[in-house]
Amino acid sequence: MNRTGRILCLLSIFTVLGVFSLSYADNKQTCFKINTPGTEKFVRYEKYGTFENVGTDKYKYTITDAKGLKDATGEGIFPNTSDVYKSPYFKQVKQDGRLDGVKWDFVNNTDFEANYYQWATTAEDPGVKLYYTALALENAGNYERAVKAYYAILVFFPRAKGVTFWNTPWYVGPVAVEKIKYLTKEHPELGVKLVDADIHIDGKYDDDKNNDNFIINPGKLVKAKKKDWNLKPVNLKKIGIKKTVGKGNVKLVEYNNKHYQLFVDDKPFIVRGICYSPNPVGLSPDNGTLNVSRDWMFADYNKNGIIDGPYEAWDDKNKNEIQDADEPTIGDFQLMKDMGINTLRLYHYPNFNKQLLKEGHEKYGFMYMIGNFIGMYCTDSGAKWFEGTDYTNPEQCEKMMDSVKKMVEEYKDEDYVLMWVLGNENNYGTVGVVGVSAGTGCNVRKDIPAYYKFVNECAKLIKELDPKQRPVAICNGDQLFLDICAQNAPDLDIYGANAYRGKEGFGALWKDVSDLYEKPVVITEYGCPAFSKMYDADENERQQAIYHEGSIKNIQENVAGYGSGNALGGIIFEWTDEWWKAGPPPEFDPSVHDETSQWMGPFIDGCAYEEWFGICSVGDGTLTPFKRQVRKAYYSIKDMWEKYKTK
């Protein structure tokens, strides 16, 4: 994650989530009373109407018994849009002035009752309206009614579209599917499970809402018991191997059922990685005082001959901003190993400390994803910033290809290389406008197929140069232009995605890539800030931990032998907070832990606070790069990974 890349993260959530909120009911059970909840716990829609053309683009549901359906549904859930006005609870909330304000103020706050009544009575696209009504119910802990409302979206409004923070399409139906799956799995006491639901959208991989075609099956809510949620493994030995990539200590195995698995030294390997750049507070790449990719590998600010962060960090357990006698110097490498980290992502290759990487591999077991930006931020392309890297320019492509060649030649003999990674959200690349926006120095949109064709040429070159034939991945921004990537980059081995979709995990990403591209997936970035303006520091940390727990669980549910079977693991963004990323421009003061949101997304209060994504805080900013204040997420992630080791 980088500041401008996240600010201009135009579409990372647009195909699936677009919902700018975590669910807060994990914090407090704050269910409010519903005056007319309906006669049926979960509506049996076949009693009150007919489903027509299920599984086609002509799908529709026709009501035949309007009164019966309205009674079964209860207030606030379509088609019962009137009974809510009769509710004495609604009248009281309105009388108290708790509905004053614009509707978007009633998404990311903790007055869930007011949020519910605001959205149940607002003027809005009916699918969007019903979604935020359901979200208010979910946030309040009324999971039963939330599922009821989300399912009504699938029945009546599966084609509903909203817009994201960036005025790009947000598809409500697929989000509702994932919400139902998540809630019914996390709360098996509901006693239902969604089966057969599928909303396939032709045209969803771009930002044009006018070329979409919906193939719809709303599925059914069927009775389920807790045991029905148990992961049911596939015996991969019986399935058999179709293909193996790799001739050294790293191998990528494809099974005959389109499941994929990494092996390191002949042992199964799930990527449990971290983005690591533990740089001192006060430095910034914006003013040339910091090279984020490499400086931490050499830093020795106390001049004792020992590299600072990896070997001399310590955990300020009582958060008193000093190193007490019971807070020994342990080093980040040991802290990360103890947590369960096995992989570090290195974004752009030149001038790494190879001896340090070797020590990390041999003493701590780390593997590394060696990356090349291939023109993002104008890196190695020779392009001018306000023109951006041009993938139709032969001279620029030759320079970038030469950079890829040098990367492979420098690291091809190192056993610690897990995979090669090309790019970093280049598909989000934008050209800046002087005095208006900085952009990212990358102009993919000039010719999108040309970019992915160039990626493919890079992949083929790497395969020619790497005698160990380690897998080659792209780092895409979520699944924007996934279809164009699939068409033009067949020689990639792995689809990598920076994906920030919420605590539910990664939705249909696994299936989408499997169906369209037939590739395994590694999440090259995911995470959540440990800050919001809704809660105190302790609760913010807890909410960050919840987010990570959901992501890890979703990855595990889709590794080889389970689910879609193409999840290779993921890279947490990030180890420590980086103070240089935010602030009102042009200041971006790297000595201040800024509380400014850079973009809207599915985080604690709907905001992405760039300087707060760390699993570890650096406290008040003194004693960096040594001091750590390990957050709750560290321990919950560690516990989850330990649990999954036994399965």
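Q: Ser-87, buried or exposed?
A: Buried, because its relative accessibility is 0%. Buried means under 20% relative accessible area and exposed over 50%, partly exposed in between, with a 1.4 Å probe and protein chains only.
Q: Before we go on, what are the ground rules?
A: This is a predicted model: local features need pLDDT of at least 70, side-chain atom pairs count only at pLDDT 80 or more, and totals for chains, interfaces and linings use all residues. Residues are numbered from 1 along each chain as its sequence is written, and side-chain values use heavy atoms, leaving out hydrogens and water.
Q: Where does Ser-87 lie?
A: In the loop between helix 2 (66-73) and helix 3 (88-95). Helices are DSSP runs of H or I, at least four residues, and strands are runs of E, at least two, numbered from the N terminus.
Q: What does Ser-87 touch?
A: Asn-35, Glu-75 and Tyr-117, not counting residues up to four places away in sequence. Contact means heavy atoms within 4.5 Å.
Q: New topic: which residues of helix 12 are buried?
A: Gln-396, Cys-397, Met-400, Ser-403, Val-404, Met-407, Val-408 and Tyr-411. They sit on the same side of helix 12, because they cover an arc of only 130° around the axis. The arc is taken from the directions from the helix axis to the C-beta atoms.
Q: What covers them?
A: The cover includes helix 11 (354-364), strand 16 (367-372), strand 17 (417-422) and helix 13 (448-465).
Q: And which exposed residues are on the face turned away?
A: Pro-394, Glu-395 and Glu-398.
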